[in-house]
Amino acid sequence: MVQLVFSFVALILLTTIAVGLPAVLLIRNQVERQTWARVNQGSHATEALYSAWQRRISDLALVTSQRPTLSLLLSQEQGTALANYLQTLQEETELDLILICDPDQQPVIQTSAATSTALCGLQDPTGIHVIEAGNSPQVWMMAAHPIDDESTDLGQVVVGILLDDAFSRRMSAQTSLEHTLLVNEQPVASSLSGGAAACCIGTRQPIDNPAADIVTMPAFLEVNGRSYYSTRLVLSPPGLIDEIALDVADVVATERNLTWILVGGIILVTLAASVLGVAIARRIGQPLTRLTHAATAISTGDLTTSLSVPSQVREV
């Protein structure tokens, strides 16, 4: 009877695993693919946002250069009035930098003291630039345009925004993903909690998963106790990267729950099969045991032993 119960339970257990495990793996793979597809969409959206920001900065450079007040104050060399005017203009346009360069590519005045005066010497200021500033470099998105004046050459205006933690958080709000800017693998800005400093103590592990083949340099990140799937968007100049990360705490929890559901299901089915197996074995085994006892008694000469053994099993 024990062998019968064991065989019954083993059959049910193998059947449960054969059906449940492929289903769990299929669901898990589908969740992985959907997650990486979201990361890939976020990468394309981020690329489009950088292009949109660059166009906006270029438009602001053009509009600023065409302002008559700017030309008037420059031509009259009214330094204090020009500084106040540029400060007001910067606040209205949400720019982080307005720099005026003379025809000899020398700075005349600027609204941000945190930038290098060598910006006027750039061959093409329009674009993203990495500016060395102490221990941590700064990343600026800038655009330049000649100042409109028919009578004289007043130089050019350079405007820009600083790609810092605040900018990364703004990008995160627009893409629903986390963004970290790296310069030669050094984090300089991040939307993650704790900013760029938090990324320095995080870990990054490349992923070799067919579901992640749709993105560039897929990786698994651990930052501040949170798990992320990430991809990298390579920017210009060389060495500048935007690490785009999706919080997958919910995905990890879902995969863990699926695993526990499978294990729990196997345990429940095994227990149910054991109870059912014991009941069936007793139903079949008890009449057979009585018949065996009766046959043994008859074989010893006890012809008074009854052979009537009630059973609902037809074979018995």
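**Aromatic pairs and an open sheet**

Trainee: What makes Tyr50 count as buried?

Mentor: Tyr50 has a relative accessible area of 6%, and buried means under 20% (exposed is over 50%, partly exposed in between, with a 1.4 Å probe and protein chains only), so Tyr50 is buried. Please keep in mind that this is a predicted model, in which local features need pLDDT of at least 70 and side-chain atom pairs count only at pLDDT 80 or more, while totals for chains, interfaces and linings use all residues. Residues are numbered from 1 along each chain as its sequence is written, and side-chain values use heavy atoms, with hydrogens and water left out.

Trainee: Why is Phe167 called buried?

Mentor: Phe167 has a relative accessibility of 4%, which falls under the 20% limit, so Phe167 counts as buried as well.

Trainee: Why is the pair of Tyr50 and Phe167 called tilted?

Mentor: Rings of Phe, Tyr and Trp (its six-membered ring) pair if their centres lie within 6.5 Å, and planes under 30 degrees apart count as stacked, over 60 as edge-to-face and the rest as tilted. The ring centres of Tyr50 and Phe167 are 6.1 Å apart and their planes stand at 45 degrees, so the pair is tilted. Tyr50 lies in helix H1 and Phe167 in helix H4 (residues 165-175), so the pair ties together parts that are 117 residues apart in sequence; helices here are DSSP runs of H or I with at least four residues, and strands are runs of E with at least two, numbered from the N terminus.

Trainee: Why are strands S2 and S3 said to stand at the edges of their sheet?

Mentor: Five strands form an open, antiparallel sheet in the order S2-S1-S5-S4-S3, where two strands pair if DSSP finds at least two bridges between them. S2 (107-110) and S3 (127-131) each have a single partner strand, so one side of each is left without a neighbour in the sheet. S3 is joined to strand S4 (residues 138-146) by five bridges.
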